[in-house]
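Please take the sequence and the model together and follow the paragraphs below from one part of the chain to another.

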Amino acid sequence: MSRKLRQSISIGFPCQQGQPKMEFDLTEQIDVDSPLERYVRLLELIAAFPDQLALADVATLSDFPKTTAHRLLKGLVKAELAIGGQGGRAYSIGPRLSRILHATADDGWLEALVRPFLAALAEDSGEACYLTKLVGSRVVVAVSQAPEVRWRSYVQPGIEMPPHAAATGKAIMAYQNERLILQVLATDLPKLTVNTRNDHGWIRREFSLVRERGYATCIGEIDEGLGAIAVPICQANGLVLHALGMTGPLQRIVNDQLSQRIAALTTTAALLATKLALGSRRASLASGCDDAEEAS
């Protein structure tokens with residue numbers, strides 16, 4: 001039987017002198033056992049015990065029959081809000097929910113954490129270095145450090161990076177699931193220079209090449225005189241929500257120092273991976289607490 005939370009609200013209206021006050025009882029019914037509420041309850045359990053709860057555990061803690069818990073979990077996995085379940089594996093938050101939490105977190109913590117790493121890279125290379133993040137289906141600059149004023153405008157925080165042309169755009173999108181890639185390919189992908197390619201076959205091959213060699217390039221694809229290289233920042237669970245990039249004049253980026261610079265970016269990305277995963281999780285929890293306080 002569906003359980004209802006009933007909230008009574010009494011409203012009084014003044015009447016003419018000598019007449020009783022008119023009162024109305026408005027009863028709001030909130031279904032706390034609706035399908036949506038059931039899914040949310042399971043997500044809350046999974047988030048509280050990541051990689052710890054198997055099907056039987058979820059059923060016990062939620063007080064749902066095992067068949068009901070299995071059906072709900074299957075729906076969450078299909079929607080990419082949760083992962084696990086295969087072969088008795090424990091459940092954890094899925095990539096789609098991780099992207100939602102990541103996109104809603106404030107960037108203040110991100111700058112504080114990343115800035116020293118970008119400053120070191122920029123000082124060693126003499127080039128503009130920056131970190132981008134995945135926001136929905138867009139790749140956006142989050143933090144940047146540029147020794148030369150001339151190149152700062154290309155990597156200002158908030159600037160969107162074209163997924164088919166920008167090095168960091170490719171570095172992030174190459175590791176997303178097919179659903180998100182199709183969503184990106186369905187958007188307008190403009191030819192920004194004579195070097196820009198926007199045919200879907202080429203973009204998919206470029207993404208495959210990024211996964212194969214571990215880095216992405218932009219060879220005059222946004223500005224004919226500009227080059228960029230980028231590496232993905234891979235979390236322990238394989239999720240890629242950030243990329244680390246370096247940009248500058250084409251002849252300074254794509255030269256005999258290319259392999260050393262890619263190695264420097266890769267080393268820094270590995271150092272940042274755990275920090276970003278933890279920071280994103282903490283920021284999301286803090287944001288949730290703030291929202292709860294405002295609601296109260």
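A salt bridge is here a side-chain nitrogen of Lys or Arg within 4 Å of a carboxyl oxygen of Asp or Glu, and by this rule the count comes to 8 salt bridges. The model is predicted, so local features need pLDDT of at least 70 and side-chain atom pairs count only at pLDDT 80 or more, while totals for chains, interfaces and linings use all residues. Residues are numbered from 1 along each chain as its sequence is written, and side-chain values use heavy atoms, with hydrogens and water left out.

One of these bridges joins Arg261 to Glu127, with 3.7 Å between the closest N and O atoms. Arg261 lies in helix α11 (residues 258-295) and Glu127 in the loop between α5 (108-125) and β5, so the pair ties together parts that are 134 residues apart in sequence; helices (H or I, at least four residues) and strands (E, at least two) are DSSP runs, numbered from the N terminus. Arg261 is buried at 9% relative accessibility, and Glu127 is buried at 2%, where buried means under 20% relative accessible area, exposed over 50%, and partly exposed in between (1.4 Å probe, protein chains only). Glu127 and Arg261 also belong, together with Arg252, to a network of salt bridges.

A further salt bridge, at 3.0 Å from N to O, brings together the side chains of Lys170 and Glu206. Lys170 lies in helix α7 and Glu206 in helix α9, so this pair ties together parts that are 36 residues apart in sequence, and both Lys170 and Glu206 are buried.

In α8, the residues Leu180, Ile181, Val184 and Leu185 are buried. Seen down the axis of α8, its buried residues fall within an arc of 135°, taken from the directions from the helix axis to the C-beta atoms, so they line one face of the helix.

Most residues other than glycine have a negative phi. Asp63, however, has a positive phi of about 65°, and its place is in the loop between α2 (55-62) and α3 (66-78). Glu80, in the loop between α3 and β3 (82-83), likewise has a positive phi, near 65°. Asp63 is exposed, at 68% relative accessibility, whereas Glu80 is buried, with a relative accessible area of 17%.
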